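I opened this entry to keep track of what I looked up in a structure that was new to me. The notes follow the order in which I checked things.

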Amino acid sequence: MKHHFYNAIDYNTQFIACPDCDLLMHKIRPPDDRKSACPRCGRVLLQHCRDSVTRSLALALAGMCLYFPAVLMPLLTFQQLGLHETGNILQTIMKFLDRDYYFVAAAVFFSVVIFPLLKLSLLATVALCLRLRKYPPHLGRLFRIYNHLGEWVMVEVYLLGIVITVIKMLQTVEIDFNIGFFCFTGLVLITMASSLAVCRESFWNLIENKGKSDSLPVQRDTASTSPFANLTAAGNSLAVCSDCDKLSPVLNSMPEGQQRCSRCGAVLHLRKPASIGRTWALIIAAALFLYPANFLPIMRVEFFGIPSHSTILDGIILFFQDGSYVIGLIILTASILVPVFKIVGLAIVLLTIKLNRPRYLRQKTAMFRFIAFIGRWSMLDIFVIALLGFFVNFGFFSSIETAPAATYFCLMVVATMLAALTFDPRIMWDLLSSEKPQDKSAITGETLHGTNS
Ligand SMILES: [Zn+2]
Ligand SMILES: [Zn+2]
């Protein structure tokens, strides 16, 4: 009876569940230039987008044109006393390999060279298929991989690293900007613009309905009542796909972890599996790496043959002593404050669940979204060291080398980023639904508010 009922109403075109708090709501198209946000946790759910496919395709193709000169052409030339050093992104990464920093080299190589190309080519492929109205069987899977790559592409962090390197060395050496630098800057801008142009909701609808876009009501008849008994999707045995947000009924006949999303192929779970345990393990690992990352030397600087080791904190103090307060503050924020904030913030949300204290959930969910968003900026210091280590190598004058802290630092960043991925904020909101499970107002009333974008 229950399943017959679910099949009779097409729940995915009529209802939406918030991916952050699992609140189940009627799906209403937001008016032009506006977004609709979850009334409970504030997460943006739907937004109006026009020509998303065409714009994404144009930007992805333009980005691919700039990619190869950006990676292969020389970025900068450092000159001093007749000696000069020039190189491209790949050569700066090779320097890490020469010094046996395999993990650091791999982290930079994937986040700045491999993933950006993969991301742009996946977007170009998916957008081209949608534009030509061709729907090969694995289109959903390709778009799913594209979405997963999002936060592991760190080209804009690398560009900020280049800018900081240039400002740091400007007083000591003469710096020329080469063609690679301008292509790379263009690549960063286009990659960011393409991410903004992609409207996930309409891409997924086009993929699923083979070109027919959903016609959602702009306004809902407020008299119609919700057919659901519970406040959340999970309370009504509906699972939100972690990859494409599609609502699917959980089939009791299927064992947990076997049912897959019909739209994108991701495994369906009511909540992320083993979320609490995994997130605790990752933030404890990150906290342990934090100590060697900050107290072991991260750079070995040699002036006139005399070596000196410096930690991240030494470098920051040096910037402040030189009067470069802005750069000092940026490095301090990215390398120390952000990782500590991520670890403490995730510990707070985990403790909320552990101690069963469902207070300030909206603020804590916003904090969690911020933690997931800022994750990648911590790699800034590693990129600066990669660039300095390559360009500042004038033999008798000064040379800069990477020291062991760099590996711990990369491990720490990766651990905190994975922790943000394994944590499921809906578990925090479940503390509330256990208190008042029958609050129907949230799905029967006008709860999906339009907010100014
Ligand atoms: Zn929500
Ligand atoms: Zn899915």
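Predicted model: local features only at pLDDT ≥ 70, side-chain atom pairs only at ≥ 80, totals over all residues.

**Entry 1: zinc ion (ligand 2).** With that term in hand, I looked up the spacing of the donors of the zinc ion (ligand 2) along the chain, and they follow C-x2-C-x16-C-x2-C. The residues are C241, C244, C261 and C264, each coordinating through SG, at 2.2 to 2.3 Å. I checked the angles among the 4 donor atoms and got 101 to 114°, a tetrahedral site. I then asked which parts of the chain C241 and C264 link. C241 lies in the loop between β8 (238-240) and β9 (247-249), and C264 in the loop between β9 and α10 (275-295), 23 residues apart. C241 is buried, with a relative accessible area of 1%. C264 also counts as buried, at 2% relative accessibility.

**Entry 2: zinc ion (ligand 1).** I turned to the zinc ion (ligand 1) and found the SG atoms of C18, C21, C38 and C41 as its protein donors, 2.2 to 2.3 Å away. The donor spacing here reads C-x2-C-x16-C-x2-C. What makes the arrangement tetrahedral? The 4 donor atoms subtend angles of 100 to 117° at the zinc ion (ligand 1), so the arrangement is tetrahedral. For reference I wrote down that the ideal angle for four tetrahedral donors is 109.5 degrees. I located C21 in the loop between β1 (15-17) and β2 (24-26), and C41 in the loop between β3 (34-37) and β4 (44-47), so this pair ties together parts 20 residues apart in sequence. Are C21 and C41 buried or exposed? C21 has a relative accessible area of 0% and is buried. C41, at 2%, is buried too.

**Entry 3: a sheet.** I followed an open sheet of 3 strands, whose order is β6-β5-β7 with antiparallel pairing. I noted an average twist of 15° from one strand to the next. Between β5 (residues 76-80) and β6 I found 5 bridges, and T77 stands opposite T86 in β6. Helix α14 (residues 380-391) lies across β5 and β6, and runs at about 135° to β6.

Entry 4: I looked at α15 (residues 405-422), which has 18 residues. Its span from first C-alpha to last is 26 Å, close to the 26 Å expected. Its buried residues include F409, C410, M412 and V413. Next I took α16 (residues 425-433) and asked how many of its residues are buried. The count is 7 of 9, so α16 is largely enclosed by the rest of the structure. Among the buried ones are P425, R426, W429 and L431. I checked what the buried residues of α16 pack against, and found β8, α10, α12 (325-354) and α13 (361-374).

**Entry 5: the whole protein.** I ended with the totals. The protein has 17 helices and 13 strands. Of its 453 residues, 50% are buried. Among contacts between residues at least 6 apart in sequence, 74% join residues at least 24 apart.

Terms used
Residues numbered from 1 in each chain as written. Chains lettered and ligands numbered in written order. Heavy atoms only, no water. Helix = DSSP H or I, 4+ residues; strand = E, 2+ residues; numbered from the N terminus. Expected span 1.5 Å × (residues − 1). Buried < 20%, exposed > 50% of the residue type's maximum accessible area, 1.4 Å probe, protein only. Donors = N, O, S within 2.8 Å, 3.2 Å for Na, K, Ca; no water. Tetrahedral: all angles 85-135°; square planar, octahedral: opposite > 155°, others 65-115°. Pairing = 2+ DSSP bridges. Axes fitted to C-alpha atoms, helices over the stretch in contact; angles between N-to-C directions. Contact = heavy atoms within 4.5 Å.
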